[in-house]
Amino acid sequence: NPLIAKARIDNWQDVFEIIDLEIKNKKLVIVLDEFQWIAGRDFSVVSSIQEHWDNHWKNSGEIFFVLCGSIVSFMEKKVLSEKSPLYGRRTASLLLEPMPVNEAKLFFPRKIVREQTEFLMAFGGIPSYLEIVESSKSFAQNINKLALTKNGYFVNEVDFILREQLKNPKRYYLLLKKLSKKPMSREELAHELKISNSGALDLYLKTLEGLHLIKQFVPFGKNETVKTQQYAIWDEFLRFYFTFIFPNKELIEMNRDDWLYDRLIAPLWDVYCGYSFELFCRKNIKEINKILGIEKVFKRSGIYWQKKTERREGVQIDIVIERTDKVTHLIESKWSSGTVGASIVEEMERKKQLYPNPQKHTIKTAIITTHGITKQVSDSHAIDDVIILKDILS
């Protein structure tokens, strides 16, 4: 409407009144993107939306109104919380999650399955990360250019993310650095960070959980208490960053075109992928259920671990799946360059014996591997199910 282009609009109420004039018995979709910046400049927009929605749009059926924001804390506290003028008015809220692996892999369709998975274990399913990958170059070449050179896209990415989301990111950096090495309990984190296991630590953990950067776990079947909790980084790129980029920041920022991959990443990569593959498998539990054919009887899943003591052995089971038909699956993930050999049989039998099985279920064992199992293991019929990586991606 050329007249609108000439109009002087001083407030959001004027905007909404112009929209009313434009409706004329047609349905409109209105989207305010990056809403935190709009409201940050003039928070009265929130009340204006509430007022206009209640008095004009609520019952008209002509307006589909969408608020988008990339700062999670703002959207939760200022838009969705009880204190917000918009509280109770939403039809639905959508958390935009990373792409599922079967779609994310399409960013590099010519890569072999193992290399596709390496990209996903480094960057997760974030489209803006995956689209800058040069598919014609290897994983190592991409990492060297994007993460290990002075002007690489990923060198300062976490700085941007944390500074945008957090008021005082310094303490969070230290906490994430500790968690990048291994999952830790509250007590371990308090000791490592040299702070009391109190409200401050609770705030840091809840904030990072709210941003979906870390995740809290308890041993499968155990009650959630302070003593049973462990925390782990849940975001793939965040773990990659604090493992490889953050500790080498000074060297990387001096590097313009040297090849640092073999020096900083290659010697540690296979070990790093061991835990990353566990994370990858846990995130793709829906696909694992499909492969096992148990979607209709799936009840819940988790990790099981018990620490070694004088009276009992220590054990960790990567994935436990409990079914409604009194069957439980114990699943181990194995990232390797070849097929998995006979040692897996003894390992799974040991884990089967140490799992307490409180429900008295039938126990089935499974492994998830990059390249399958040897003929010897297959002929032994000791493992009930074998899931191959390519099946998860497809």
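**Figure 1. The right-handed β-α-β unit of strand β8, helix α20 and strand β9 in the predicted model**. The unit runs from β8 through helix α20 (residues 375-380) to β9; a crossover is called right-handed if, with the strands pointing away from the viewer, the path from the first strand over the helix to the second runs clockwise. Strands β8 (residues 362-369) and β9 (residues 385-388) pair in the parallel sense, with four bridges; pairing requires at least two DSSP bridges between two strands. I387 in β9 is the bridge partner of I368. Helices (H or I, at least four residues) and strands (E, at least two) are DSSP runs, numbered from the N terminus. This is a predicted model, in which local features need pLDDT of at least 70 and side-chain atom pairs count only at pLDDT 80 or more, while totals for chains, interfaces and linings use all residues. Residues are numbered from 1 along each chain as its sequence is written, and side-chain values use heavy atoms, with hydrogens and water left out.

Figure 2. K360 counts as exposed because its relative accessibility is 69%. E34 is partly exposed, at 31% relative accessible area. Buried means under 20% relative accessible area, exposed over 50%, and partly exposed in between (1.4 Å probe, protein chains only).

**Figure 3. The nonpolar surface patch of V29, V31 and F64**. The patch has an area of about 310 Å². Patches consist of residues with over 30% relative accessible area and no salt bridge, like charges being joined within 9 Å and nonpolar side chains (Val, Leu, Ile, Met, Phe, Trp, Tyr) within 5 Å; a salt bridge is a side-chain nitrogen of Lys or Arg within 4 Å of a carboxyl oxygen of Asp or Glu. Areas come from the Shrake-Rupley method with a 1.4 Å probe, and for residues only the protein chains shown count as cover. V31 belongs to strand β1 (residues 28-32) and is partly exposed, at 46% relative accessibility.

**Figure 4. Buried residues of helix α10**. E157, V158, D159, L162 and Q165 are buried in this helix (residues 157-165). Their cover includes α5 (72-80), α8 (127-130), α11 (170-179), α14 (236-245) and α15 (249-254). In the protein chain, buried residues make up 44% of the 394 residues.

How values were computed: Contact means heavy atoms within 4.5 Å.
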